[in-house]
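Open the model in your viewer and keep the selection panel at hand. The stops below go from a ligand site to the overall layout and then to a pair of helices.

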Amino acid sequence: MQTPTTATQFDGTRFREVLGSYPTGVAIVTCIDESGRPIGMVIGSFTSVSLDPPLIGYLPMQSSRTFARMRAAPTFCVNILAADQEALCQQFASPAEDKFAALAWHPSPAGNPVLDGVVAWIDCDYASVTEAGDHFMVLGGVLDMALERDTAPLLFFQRGYGRFAPGPLVAVAERETIEAVRLAEIGRDEMEAVATELNAECSIVAAVGGDIVYVAVDNSSPQWRLRSRLGFRVPCAPPLGPLFVGQPGAPADAEWLRRLGRPDEETTARSLAQLAQVRARGWSIALMGPNDGENLDEMVQLYSNPHRTPGQERRLLAAAKERAGLHEPAELREDVAYDVRHLSVPVHGEAGQVVLVLRLGALPAGVHLAQIHLWLARLQQAAARLETTLAARPQLLRA
Ligand SMILES: Cc1cc2nc3c(=O)[nH]c(=O)nc-3n(C[C@H](O)[C@H](O)[C@H](O)COP(=O)(O)O)c2cc1C
């Protein structure tokens, strides 16, 4: 193997091309210069270095005039840019004289600029500055740090900007969603009739790309002033989506369990028992919990955003797991009043596969088993009618 030794022997274009195939985040390192003015530069080479002691690092060009000025200050602050801050990055990467003109920022505890809207900031002092070819290698000792915004960071790759995309939301899932919406249109009349008759929210949900998606919603509930759940999605992971498990567009049993990470034996046993329960009953039920409410709705809303972060994804999975005891109770007693979160029944295609689920929600609280059975019977009647309609139009399912 030949080792390049000088700049002329070495292909700089190839170096940039190869190294550009590795993505980075984008940060703006800031400080206050000797004359008291805020200064900063864009850095793609930022990295975490050590936890004990806490150190971060970045690599400024030796020729950078901004870094030459920054070095004179005792501390600096690393601002991690959010995915919607590309314009800010370009403003700082430009040779503009005053990059802070008309910019909103506030001082960090060490007095360095924290730019409005960044994901996080890290105040540091200089642990060391070492020469590294045409760059310096700066090690920063972490003084203070904070997360500012629960949002995805800006990414840089092949000289272009982009953002992180969560796994299951690929283009094919979008096509599947459109197909499910088209299918749900056929059930709209049935869904609206149920909602009006029962003064409740009736929805049609579908399994798309590993998620359960609300593809049609009608809300006639007088006491539940809900934001529409249309387009909302939740992960098909225990205890959610049992009617879909093993069906087209949804995970198989083992995959459904795997979405919990490494569940303990108790969680695995409970999830499998719930799955068996739903399959034996042919319907699914979830009860209200004492800690439901705004917080849970907000988590579902964040998960439903195509630009959700892995952290937001994990938080919803954890909340669902925490509430697992409220799903599919093994026994429903006649002498107990229940607060039902939702009741769901499957809609089958001709081959017996589950193609959609009809779901009833926004129901009055404190009802007895007889009422639950009445609701179920009405939902099942609507599902049966929908199955007849679908059977008469088989081309819809073959799309
Ligand atoms: C996405 C991106 C990443 C960058 N990363 C670095 C870096 O890691 N180190 C560096 O010295 N310059 C980096 N730059 C370039 C500097 O931000 C900028 O060109 C430099 O501050 C200008 O030099 P000056 O300080 O002499 O004005 C990056 C620019 C962009 C757009």
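**Stop 1: the ligand shell**

Select the residues around the ligand: in this predicted model, the shell divides into 11 nonpolar, 4 polar and 1 charged. Its 16 residues include Met-41, Val-42, Gly-44, Ser-45 and Thr-66, which come nearest to the ligand.

Next, colour the shell by secondary structure. Two or more residues each come from β3 (38-43), α2 (65-70) and α3 (86-93). Strand β3 gives the largest share, 3 residues.

**Stop 2**

**Stop 3: helices α5 and α10**

Now select α5, residues 188-198, together with α10, residues 369-392. The two helices pack with their axes 10 Å apart, at an angle of about 160°. Because that angle is over 145 degrees, α5 runs roughly antiparallel to α10. The crossing of α5 past α10 is right-handed.

Show side chains at the contact. On α5, pick Glu-190, Val-194, Glu-197 and Leu-198. On α10, the partners are Trp-375, Arg-378, Leu-379, Ala-382, Arg-385 and Leu-386.

Which classes of residue make up the contact of α5 with α10? Colouring by class gives 6 nonpolar and 4 charged residues, with no polar ones.

Methods
Residues numbered from 1 in each chain as written. Predicted model: local features only at pLDDT ≥ 70, side-chain atom pairs only at ≥ 80, totals over all residues. Axes fitted to C-alpha atoms, helices over the stretch in contact; angles between N-to-C directions. Helix = DSSP H or I, 4+ residues; strand = E, 2+ residues; numbered from the N terminus. Parallel < 35°, antiparallel > 145°, perpendicular 65-115°, else oblique. Left-handed = near helix turned anticlockwise from the far one by under 90°. Contact = placed C-beta atoms within 7 Å. Nonpolar A, V, L, I, M, F, W, Y, C, P; charged D, E, K, R; others polar. Near = placed C-beta within 6 Å.
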